[in-house]
Structures are given as C-alpha cells and as structure tokens.
Amino acid sequence: MSQPLFASLFDENERRPLTVSELTESVRRAIEARFSTVWVEGEISNFKAHSSGHWYFTIKDEGAQLRAKCFRSANSRIRFRPKDGLNVRARGRLTVYEARGEYELIVEALDPVGAGALQVAFEQLRDRLQAEGLFAAERKRQLPVFPGRVGVVTSPTGAAIRDILNVISRRTQTVHVLFSPARVQGDGAGSDIARAIKLINDYHKRAVSEGRTKDLVDVLIVGRGGGSTEDLWAFNQEEVARAICASVIPVISAVGHETDFTIADFVADQRAPTPSAAAELVAAREDQICSALAQMEHSLSRLMRYKIVTARTRVQEHALSQAFGEVRGRLRAAAAVTNSARHRLEILISQAVRGAQLRNDALSGSLAPAHLRARFAEAQVRFHSAYTSCNIAIEQQLEEARNRLGLAAASLDALSPLAVLQRGFAVAQDKDGRLLRDAKQIAVGDSIKVRLARGKLGARVERVEEN
C-alpha cells in the first residue's frame, strides 16, 4: 500500500463525505470546463417542440445516446426543423441537469448530415404547405385579360424593378404600376416582403370599399433577380407563402432565373421564370391584340381593294356588252309605258272629281229648308195617326186581359181549400203543424190546432174514436 493512500485514511478533509448536490455541482463544473464547445454527430430521436419554443430531443448512435435541448433563442436561427431519424451534426456545450444527475448537450447550432440545412428546410416547408392544400390547382386564379393596374413587390435598387418597368412601358401604354418596395434578401427580408404584399392588398380593399374602380389592382408581381440559394431564401419562408395565399389579388411569382424554384412559386397563381417574363405576361395580351388588329387591318384593306377592282372590271364588261344595251332599251320602253299610264290615270281622276261635284250639288238642293219643312209636316201627320191607332189597340188588349183574369180568379176560388172552409169544414193539425188525417195520429190529452174559415182554435183531445 502506498504512503499517500495510507495517509489519506487519517486525513479529515479526505474522509469528509460530499453531498449529492456538491458532487453533482463539481461534476458539472468539470464537464462545462472541459467541454465548453463540442461537435456531436448522431441520429435524432424523441424530438419534442415545447409550447415555450424550446426543443428537446436525443442524439444517439449504435452504442450510446445523449440528451439535448435547444432554447428558442438558438433554434430561431436554425433554417430547418429537426425530426426523428434525421442525422445531424450539433454544436454546443455539455452541462449537467442537477435535478436528475444527467448530463446533456445545450445545442447552439445544428446542421443536417448529407443534404444542406436550407434544402432540408425547403423540403419540410414544401411538404407541409402542400399537405395543407396551398399548392392545389383549384385555388389558382386566372390572370385578368387586360390588367389596368399592376402591383410590384421587389427591391427598389435591384435590376428586377427596372426590367419590369422597361418591358411594360415598351409593350403597353395602358398599364399603371403600383410599387411597394421591400428587402428581398438578408435577415427580416421575409417579413418585409409579406408586409409589402399586405400593403398593396389593403390599398386594393380600400379602393373596392370606396368604389374607386380605376384604382383597383388587377395583378401582383412578387420577385427579384437571380442569386444563390441563400440570396433567394426570403421567398422560401412560410410568412411569405402565407401572405401570397391570403392575397385577394392574383399573384405572379418571378424569383431568380428560369431554373430557380421557391416556395413562393408553388403558392402563387402563376410562376414566371424571370421578372421580365412576368412583365411580359401582364402586357402580352395587349401587345398580341394590337399586332393581330394591325394584321387584320392590312388584310382587310387588301381584300377591299381586290373587291373594288373586281367590281369595277365587271361593271365595265357589262357596260360594253350587248345585254347592257338591251336592258337600256327595255328601260326606255318601260318609261314610255309608265308615262302613258300616268296620263290616262290623270284623265280618269279628273272625270271622277267632276262626277262627285255634280252629285254633291244635287244633294245640296234636296236638303233646302222648304223641302225639309214639307217632309217634317208629313212625318208629323203620320206619327199622330200611328199614335192614335196604338192607344186603341192597347185598350182592347187590356180589356181582353181583364176578362181572362176574372175567369181565372173564379176558377181558382172554386178549387181553393179556403172555399171548403167557408162551407163549414175545418182543418186539424197537431202541435207540430202536421195535418191530421187519421184518429190514430193523436192520443187523448194531446193539444191540437183547428183552422176555420175565419180564425184558429186551440183544443185538447178528450176522446178518440177510430171508426
């Protein structure tokens, strides 16, 4: 046994036991001093994103595992979202979670192994938004045929805005541009682009509510020129995709070069390979229509000239032909016949007018006042004679009617049941007014009514004799 070890058995400081907290704190200090910065590579498992914004997961390999946590202040700078099964390379510092006596890695940076962090983040966001239906074809809107006002969201100092303005001014004179500047790369560029999109949409909504139809924005171009993946990353951020999806104005995404694809391209209503191509889309139809109209005008002018020359040639041929002379002769003959018929018609009209005047004079003579008075006197005599004859006939008819009425009244009196009552007979009725024809219809003590020739009697039956 060595002397130091033997001496330590009698050293009070060495023999004093440590508490668990003291030992754990000593271990923590030693680990933090030794592993203040360390890179660890392994597979993520048990990943959990807490409501506080912190990430908790385990990094493992075939033989061991290490607990890890990434605070919100650090994971906000990480471009992708970890998931179980993803191989990563983590940079951080080791420490000890004293409450459990477990050592863990405080992650400060995280990169995927293999594919880059930006590519992983791009694929994760693309898959998530596609699952939500933001890329669905049925939500894509058609671009207006003749846009009057175009909104543009891009950098005020980049080449994209110059290219868009040059193309629009060259191809159309009716499209107005509403420009909302925004940063298109660097920290905060995504938020700036989303704000610019919302700003133009708010302007459009105010114009709609106030009825200013001339100020409505028909289409919105969002984009920038080409660059690296990092330069274009602002258009791969979720807040930009959400802003495009929420836009009430159809959106054209024009980011980078023809080979560059971003999340904004998938969400937008239409993708243009470059900003210049986007400007050509909004001005293409007017340019095409103007060209088509010019071509149609030229074709129509040539066709009209051909028609005029052809018609002139045909007229000249007919004027020189024998048939045209025959037509001229027939027209002269028809004119002569027309003149003769007109002369005869004038003679007939004059004769008809003279005959009508003679008949009018005769009628005027027959309607003289003396002639009218004589005819009125004759009519008055005939009226008095007819009136007298009518009165005599009416008196005769009335006398005959009176005689017939007297005979009918006498016959009616002879047949009337009241006449029978005048000879001493009576009519008996029960209390309900029914006629009594048989003694069986009544019983002793019943009340009956007896109608005489003059008046009625109320009686009570004291005896009934059936025979």
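**Reading the model**

Analyst: Start with burial: Cys70 counts as buried, at 0% relative accessibility. Buried means under 20% relative accessible area, exposed over 50%, and partly exposed in between, with a 1.4 Å probe and protein chains only. By contrast, Cys390 is partly exposed at 41%. This is a predicted model, in which local features need pLDDT of at least 70 and side-chain atom pairs pLDDT 80 or more, while totals for chains, interfaces and linings use all residues. Residues are numbered from 1 along each chain as its sequence is written, and side-chain values use heavy atoms, leaving out hydrogens and water.

User: How many disulfides does the structure hold?

Analyst: A disulfide is a pair of cysteine sulfur atoms within 2.5 Å. The structure holds zero.

User: Which residues of helix H8 are buried, and how do I read the pattern?

Analyst: An α-helix has 3.6 residues a turn, so residues three or four places apart point the same way. Helices (H or I, at least four residues) and strands (E, at least two) are DSSP runs numbered from the N terminus. In H8 (residues 238-246), the buried residues are Val240, Ala241, Ala243 and Ile244. Seen down the axis of H8, they fall within an arc of 160 degrees, so they line one face of the helix; the arc is that of the directions from the helix axis to the C-beta atoms.

User: How do strands E12 and E13 run, parallel or antiparallel?

Analyst: Two strands pair if DSSP finds at least two bridges between them. E12 (residues 447-451) and E13 run antiparallel, joined by five bridges. Val450 has Leu457 in E13 as its bridge partner. The two strands form a hairpin with four residues between them, and Gly455 in the turn has a positive phi of about 95 degrees.

User: What lines the largest pocket?

Analyst: On a 1 Å grid over the protein atoms alone, a pocket is an open set of points with protein on both sides within 12 Å along at least five of seven lines, and lining residues have an atom within 4 Å of a point. The largest pocket is lined by 21 residues, with Ile78, Arg79, Ala121, Trp233 and Gln237 nearest its centre. Helix H5 (117-132) and H8 each supply at least two lining residues, and the largest share, four residues, comes from H5.

Key
On a 1 Å grid over the protein atoms alone, a cavity is a set of points where a 1.4 Å probe fits but cannot get out, and a pocket is an open set with protein on both sides within 12 Å along at least five of seven lines; lining residues have an atom within 4 Å of a point.
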